[in-house]
Amino acid sequence: MSIFRKELSSFFSSLTGYIVLIVFLMLTGSFIWIFSSTSVFNYNYASLGQLFAIGPIAFMFLVPAITMQSFSEEYQKRTLEFLMTKPLRDRDIVLGKYLATVALIFLALIPTFVYFLSIYSLGSPPGNIDSGAVIGSYIGLFMLGAVYAAAGTWISSLSPNQIVSFIASAFACFVLFWAFDFISNLPSIYGKTDSIVKSLGLQYHYDNISKGRIDTRDIIYFISWIVLFLWLTMVSLQKQKL
């Protein structure tokens with residue numbers, strides 16, 4: 001908890017936390033209300049689909065912008081050695097930093113509930129919106145952000161350069177979300193094992209949850225990625241001690 005509070009405080013004592021929140025809200029708000037091609041006013045039904053379509057792409061860049069400093073900054077300032085002398089296990093350090101990032105993702109999603117209330121009231125009649133799909137999409141987007149955060153935390157533990165960490169994390173998020181879908185469409189795979197390959201990617205499970213079906217298999221899938229990346233982060237810290 002001490003690491004968690006320290007990391008969360010550092011986000012808001014600098015511009016990092018505020019920039020992430022503002023950019024995310026401005027980006028999603030623009031697609032929902034302003035841009036004519038995606039504006040909800042040009043639709044014939046009440047939907048938050050624009051938010052959940054642009055959300056994964058926005059997180060693909062914003063989450064690495066948060067995680068790039070998790071360990072890279074500690075390496076640059078040479079404070080990781082000092083941190084490891086404290087009565088803290090590697091697990092405590094990793095979880096503290098990771099959970100602070102997840103908390104910031106959660107805080108970024110809370111204001112978007114205003115979008116839901118607005119569209120809910122704009123429906124004809126009011127409330128004519130698929131609330132189940134909205135709830136599922138929120139869960140899916142949060143879990144997606146949590147996986148991105150775990151991947152970014154691990155990559156940050158590999159390099160002292162924050163820019164390298166950001167680029168590598170953004171690329172990893174892109175691969176996890178879209179690469180398997182692209183691979184499944186290759187001529188040598190399509191029509192044979194394309195459904196299996198596609199199910200390995202984040203997009204497949206995100207789309208499932210976004211339909212309002214909260215399947216435990218999808219939740220376990222997201223949690224498995226999170227556990228794997230956090231474990232890899234602890235392995236990376238162990239190597240730093242050698």
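This is a predicted model: local features need pLDDT of at least 70, side-chain atom pairs count only at pLDDT 80 or more; totals for chains, interfaces and linings use all residues.

Reader: At what angle do the axes of helix H3 and helix H8 cross?

Author: Helices (H or I, at least four residues) are DSSP runs numbered from the N terminus. An axis is a line fitted to C-alpha atoms, for helices over the stretch in contact, and angles run from 0 to 180 degrees between N-to-C directions. Here the axes of H3 (residues 49-67) and H8 (residues 131-156) cross at roughly 25° and come within 9 Å. Angles under 35 degrees count as roughly parallel, over 145 as roughly antiparallel, 65 to 115 as roughly perpendicular and the rest as oblique. H3 and H8 are therefore roughly parallel to each other.

Reader: Which residues of H3 and H8 make the contact?

Author: Contact means heavy atoms within 4.5 Å. On the H3 side the contact includes Leu51, Phe52, Gly55 and Pro56, and on the H8 side it includes Val134, Ser137, Tyr138 and Leu141. For classes, Ala, Val, Leu, Ile, Met, Phe, Trp, Tyr, Cys and Pro count as nonpolar, Asp, Glu, Lys and Arg as charged, and the others, Gly among them, as polar. The contact of H3 with H8 has 12 nonpolar, seven polar and no charged residues.

Reader: Are H9 and H11 roughly parallel or roughly perpendicular to each other?

Author: The axes of H9 (residues 162-184) and H11 come within 6 Å and cross at roughly 100°. H9 and H11 are therefore roughly perpendicular to each other. Leu176, Phe177, Trp178 and Asp181 of H9 meet Leu202, Gln203 and Tyr206 of H11. By class, these residues divide into five nonpolar, one polar and one charged.

Reader: Is histidine 205 buried or exposed?

Author: Buried means under 20% relative accessible area, exposed over 50%, and partly exposed in between (1.4 Å probe, protein chains only). Histidine 205 lies in helix H11 (residues 202-210). Because its relative accessible area is 9%, histidine 205 is buried. Not counting residues up to four places away in sequence, histidine 205 touches Ser199, Asp218, Tyr221 and Phe222.

Reader: Which residues touch the most other members of the largest nonpolar core?

Author: A nonpolar core is a set of buried Ala, Val, Leu, Ile, Met, Phe, Trp, Tyr and Cys residues joined through side-chain atoms within 4.5 Å. The largest one has 59 residues, of which Leu48, Tyr148, Leu202 and Phe222 touch the most other members. H8 supplies the largest share of this core, 11 residues. Leaving aside its neighbours within four places in sequence, phenylalanine 222 is in contact with Met143, Leu144, Val147, Leu202, His205, Tyr206 and Ile209.

Reader: How many residues apart along the chain are tryptophan 33 and tyrosine 115?

Author: Tryptophan 33, found in helix H2, is 82 residues from tyrosine 115 along the chain, yet their C-alpha atoms are separated by 9.3 Å. Tyr115 is also one of the residues that tryptophan 33 touches, as are Ser118, Ile119 and Leu122. With a relative accessible area of 22%, tryptophan 33 is partly exposed. As a second case, the C-alpha atoms of alanine 179 and leucine 83 are 96 residues apart along the chain and separated by 37 Å.

Methods. Residues are numbered from 1 along each chain as its sequence is written. Side-chain values use heavy atoms; hydrogens and water are left out. Helices (H or I, at least four residues) and strands (E, at least two) are DSSP runs, numbered from the N terminus.
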